[in-house]
Amino acid sequence: MVQISPQEIEAAANFLRAKVNFPLQAGIILGSGLSALAERAEKSVAVPYGSIPHFPQSTVEGHTGRFVGGFIEDTSVLMMQGRVHFYEGYPMAQVAMGVRLMAALGVRTIILTNAAGAVNTAFTPGDFMLIQDHLNLMFQNPLIGRHYPEWGERFVDQTDTYSPVLMSRARGVAKALNIPLREGVYAGLTGPTYETPAEIRMLRALGADACGMSTVPEAIVARQCGMRVLGISIITNMGAGIASPLHHSEVVEIAEKRKGDFQNLVMGII
């Protein structure tokens with residue numbers, strides 16, 4: 001089992017701290033097709049993942065693979081343009097390493113975004129969904145392995161993984177901007193295959209409204225680190241058996257079409 005040590009996190013944090021040399025208030029992880037928000041940051045500094053000690057590399061289309069530090073609406077932010085996924089072959093500890101790195105740099109509020117498939121048949125591609133809760137159907141947990149007390153509790157309470165305060169703020173911003181905002185449960189699966197029609201029916205029976213291949217490990221680690229978490233999905237496709245066959249290019253295309261509203265929503269929340 002590959003694990004991450006406090007020494008590796010500190011080495012990566014020291015490297016990034018030398019590049020992004022101002023206190024950080026918020027973190028944002030930008031999912032498939034959503035990375036353009038980072039271009040809106042002022043006084044920004046970009047640091048490729050490949051230059052950071054011990055940090056894994058993103059290999060998926062639509063994931064640029066770099067940290068961008070800067071300012072949005074006078075708030076200092078550290079954004080991940082793209083993430084790494086379990087299906088890329090990384091162990092869970094590395095999948096969520098970006099969150100641990102943000103925590104080491106002082107981030108205490110994080111916004112997790114993703115592209116997701118609709119399980120709820122009332123949803124349509126292009127919808128935004130506020131994540132109320134999640135189902136961890138990856139059957140892996142990023143906290144498995146040696147426990148380091150300085151990272152937080154081993155047995156992490158998941159009752160309010162997604163902050164009610166931040167959800168309330170997101171609802172208010174969406175209403176003010178006249179952006180419809182769905183709400184629901186996100187199911188995290190391993191990928192990289194899309195779900196079968198039978199699996200979509202199973203997810204619906206379990207109470208999921210949308211599904212994807214990310215976010216859940218990051219949310220778990222963020223809660224262990226004491227962060228407030230907000231999750232936002234953009235629904236980029238209907239689940240298998242609901243509509244036509246699925247392609248990753250369509251996921252990126254839908255995200256691109258809604259990037260203006262997405263950016264305005266996140267910037268308003270910030």
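Two strands count as paired if DSSP finds at least two bridges between them, and strands (E, at least two residues) and helices (H or I, at least four) are DSSP runs numbered from the N terminus. The model is predicted: local features need pLDDT of at least 70, side-chain atom pairs count only at pLDDT 80 or more, and totals for chains, interfaces and linings use all residues. Residues are numbered from 1 along each chain as its sequence is written, and side-chain values use heavy atoms, with hydrogens and water left out.

**Strand pairing around β6**

Strand β6 (residues 128-136) pairs with β7 and with β9, as the table shows.

| Partner of β6 | Sense | Bridges | A residue pair |
|---|---|---|---|
| β7 (residues 181-188) | parallel | eight | Leu135 and Ala187 |
| β9 (residues 228-238) | antiparallel | three | Leu130 and Ile232 |

In a regular strand, side chains alternate between the two faces of the sheet.

Ser214 lies in the loop that runs between β8 (210-212) and α6. Its relative accessibility is 7%, so Ser214 counts as buried (under 20% relative accessible area; over 50% is exposed and in between is partly exposed, with a 1.4 Å probe and protein chains only). Leaving aside residues up to four places away in sequence, Ser214 touches Arg83, His85, Asn114, Met138 and Tyr186, where contact means heavy atoms within 4.5 Å. With Arg83 there is also a side-chain to side-chain polar contact at 3.4 Å. A polar contact is a pair of N or O atoms within 3.5 Å; within protein, one must be able to donate a hydrogen and the other to accept it, and residues adjacent in sequence count only if both atoms are side-chain atoms.

Ser214 is also one of the residues lining the largest cavity, together with Val84, His85, Phe86, Val95, Met138, Met213, Thr215, Pro217 and Glu218. On a 1 Å grid over the protein atoms alone, a cavity is a set of points where a 1.4 Å probe fits but cannot get out, whereas a pocket is an open set with protein on both sides within 12 Å along at least five of seven lines; lining residues have an atom within 4 Å of a point. Grid points are joined across faces, edges and corners, and a volume is the space filled by probe spheres set on the points. The count is one cavity of 30 Å³ or more. The largest cavity has a volume of about 40 Å³, and its lining divides into six nonpolar, three polar and one charged residue.

**The second largest pocket**

The second largest pocket has a volume of about 300 Å³. Among its 21 lining residues, Gln3, Ala93, Pro142, Leu143 and Ile144 are the closest to its centre. Helices α2 (92-95) and α6 (216-224) each supply at least two residues of this lining.

Terms used: Nonpolar A, V, L, I, M, F, W, Y, C, P; charged D, E, K, R; others polar.
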